[in-house]
Amino acid sequence: MPQRHEVTKKNLEPLCLRGKKKNMIYQNTLEFAKSLDEKDPLKHFREMFYIPLMFGKECIYFTGNSLGLQAKQTQDYVVDELEDWASLGVEGHLHARNPWLPYHEIFPQQLSKIVGCLPHEVVVMNSLTVNLHLLLVSFYRPSQQRYKIICEAKAFPSDQYAFETQAKYHGFDPADAVIEVSPREGEYILRTEDIISTIKKHGESVATVLFGGVNYYTGQLFNMKAITDAAHAIGAYAGFDLAHATGNVELHLHDWNVDFACWCSYKYLNSGPGAVGGAYIHEKHAANKDLPRFAGWWGYTKETRFKMEKGFEAIPTAEGWQLSNAPVLAMAAHKASLDVFEEAGMERLHDKRKMLCDYLLFIIDYCNSQLDEKIIQVITPQNENERGCQVSMLMLKRGKEIYNELTKQGVLADWREPNVIRVAPVPLYNSFEDVWRFGHIIETILK
Ligand SMILES: Cc1ncc(COP(=O)(O)O)c(C=O)c1O
């Protein structure tokens, strides 16, 4: 068992560096971090979550970009459904407190505020990679002339496999059909101008442009509007995998004219391991009942669904992509989480996220400034409009050793081969004190 890290009074002494970010003068002291927490209008939300214990005390949980924490009310929401199932059996479809038959209909109002769309453009169903494939069935319709998919290099592996197998499924060679945009030599971040010029270069041979909203490795937030405009200019569809964006960054999918998007709900949306995913389809497509798709009975026109007749009749909204009836237990956990988001409000969450992340970048700068040679290179963009919660630290030396030591000292961060530590302070439950303590631990490890 690793030794428990004792935070003693001595090692909490002020570190006395002052820095300036925007109009805020940051200080690397515990008192300063606590004063920011004191002024934080969302501070009481931390109490609404279970913070995992490590070595007998609350850890510094910086992996909400991987699996978000459990809201304490989640159990009640799930138990309500278990109780209704126990007492009502099949009657629960119509008579549960939240009837199961239309259970998924409770999500669009809340989710549409999180992803910036109209309620009928969003649906909760399946899981992320499943939804990605289902949407590609509709929005990757290659022909001999127009068959390419443009994506970011090193997209999340599941996305890469989806692009590869979709191309093959339609009879194309992925080496020719999947075009990856890479950062320039010596750079980590993709330049929007390079994405746009690649889209233009491949022009009419492109069927679909599909990027992550936020790249899982670097934490870069892509300019989704610019990418969408560029895709449309050459007659291609534009879609996004929002696994690292939903519940994290500002999204205006409808206004940006994005054609389709999907996401998981177990990261920033705190809906539990393997939680039910979500999908967005712009109303101009969602209303098109003739758009090709793989269908199931839950996407069938509600009025006549139970006539069980031949011939698929799509619901003319995002619901028309549903296959199966609602997985209510998983959805109850999702509902518990979305109610917390509703109470916090996206605007307040974005304000706090930006400040938490700024403070973290300041603290990392401080740690580097104490060393003869730089050990941490932040590869996440410094510009607050090009990132979300996550900061990716490229470790120039001793990476794995530092990561292991962080774990021993009660920090749950995330290691990505070959040498990146990802940390994500999440505005719903992380504090400025968490950020300061993280910096303090890093500093003692680096000494
Ligand atoms: C960007 C991205 N895409 C796809 C996936 C795969 O998600 P799932 O296993 O829910 O299909 C993940 C999982 O973390 C992800 O981060």
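**A buried serine**

Ser-265 is buried, with a relative accessibility of 0%; buried means under 20% relative accessible area, exposed over 50%, and partly exposed in between (1.4 Å probe, protein chains only). The model is predicted, so local features need pLDDT of at least 70 and side-chain atom pairs count only at pLDDT 80 or more, while totals for chains, interfaces and linings use all residues. Residues are numbered from 1 along each chain as its sequence is written, and side-chain values use heavy atoms, with hydrogens and water left out.

- Ser-265 lies in the loop between strand E11 (260-263) and strand E12 (278-281); helices (H or I, at least four residues) and strands (E, at least two) are DSSP runs, numbered from the N terminus.
- The side chain of Ser-265 reaches the backbone oxygen of Val-276 at 2.6 Å. A polar contact is a pair of N or O atoms within 3.5 Å; within protein, one must be able to donate a hydrogen and the other to accept it, and residues adjacent in sequence count only if both atoms are side-chain atoms.

**The ligand and its surroundings**

- Around the ligand are Leu-128, Thr-129, Phe-156, Ser-158, Asp-159, Asp-241, Ala-243, His-244, Tyr-266 and Lys-267; a residue is near a molecule if one of its heavy atoms lies within 4 Å of it.
- The shell around the ligand has four nonpolar, three polar and three charged residues. In this classification Ala, Val, Leu, Ile, Met, Phe, Trp, Tyr, Cys and Pro count as nonpolar, Asp, Glu, Lys and Arg as charged, and the others, Gly among them, as polar.
- Helix H5 (128-139) and helix H6 (157-169) each supply at least two residues of this shell.
- An oxygen atom of the ligand is 2.5 Å from an N or O atom in the side chain of Thr-129. For the side chain of Tyr-266 the corresponding distance is 2.7 Å, and for that of His-244 it is 3.0 Å.
- The protein covers 80% of the 400 Å² of accessible area that the ligand has on its own (Shrake-Rupley method, 1.4 Å probe; for residues, only the protein chains shown count as cover).

**Nonpolar cores**

- The largest nonpolar core has 70 residues, of which Val-209, Phe-211, Leu-242, Leu-253, Trp-263 and Leu-428 touch the most other members. Such a core is a set of buried Ala, Val, Leu, Ile, Met, Phe, Trp, Tyr and Cys residues joined through side-chain atoms within 4.5 Å.
- Helix H11 (residues 328-344) gives this core its largest share, seven residues.
- A second, separate core of 38 residues includes Ala-33, Ile-364, Ile-376 and Met-395.

**Cysteines**

- The structure holds zero disulfides, a disulfide being a pair of cysteine sulfur atoms within 2.5 Å.
- For Cys-264, the nearest cysteine sulfur is that of Cys-262, 9.4 Å away.
- Cys-264 is buried at 2% relative accessibility, and Cys-367 is buried with a relative accessible area of 3%.

**Backbone features**

- Most residues other than glycine have a negative phi, and most peptide bonds are trans.
- Lys-154 has a positive phi, near 55°, and is found in the loop between strand E7 (148-152) and H6. Lys-154 is exposed, with a relative accessible area of 61%.
- Arg-398 has a positive phi of about 55° and sits in the loop between strand E14 (391-395) and helix H13 (399-408). Arg-398 is partly exposed, at 33% relative accessible area.
- A cis peptide bond, with omega about 0°, joins Glu-417 and Pro-418. Pro-418 is in the loop between strand E16 (414-416) and strand E17 (420-423).
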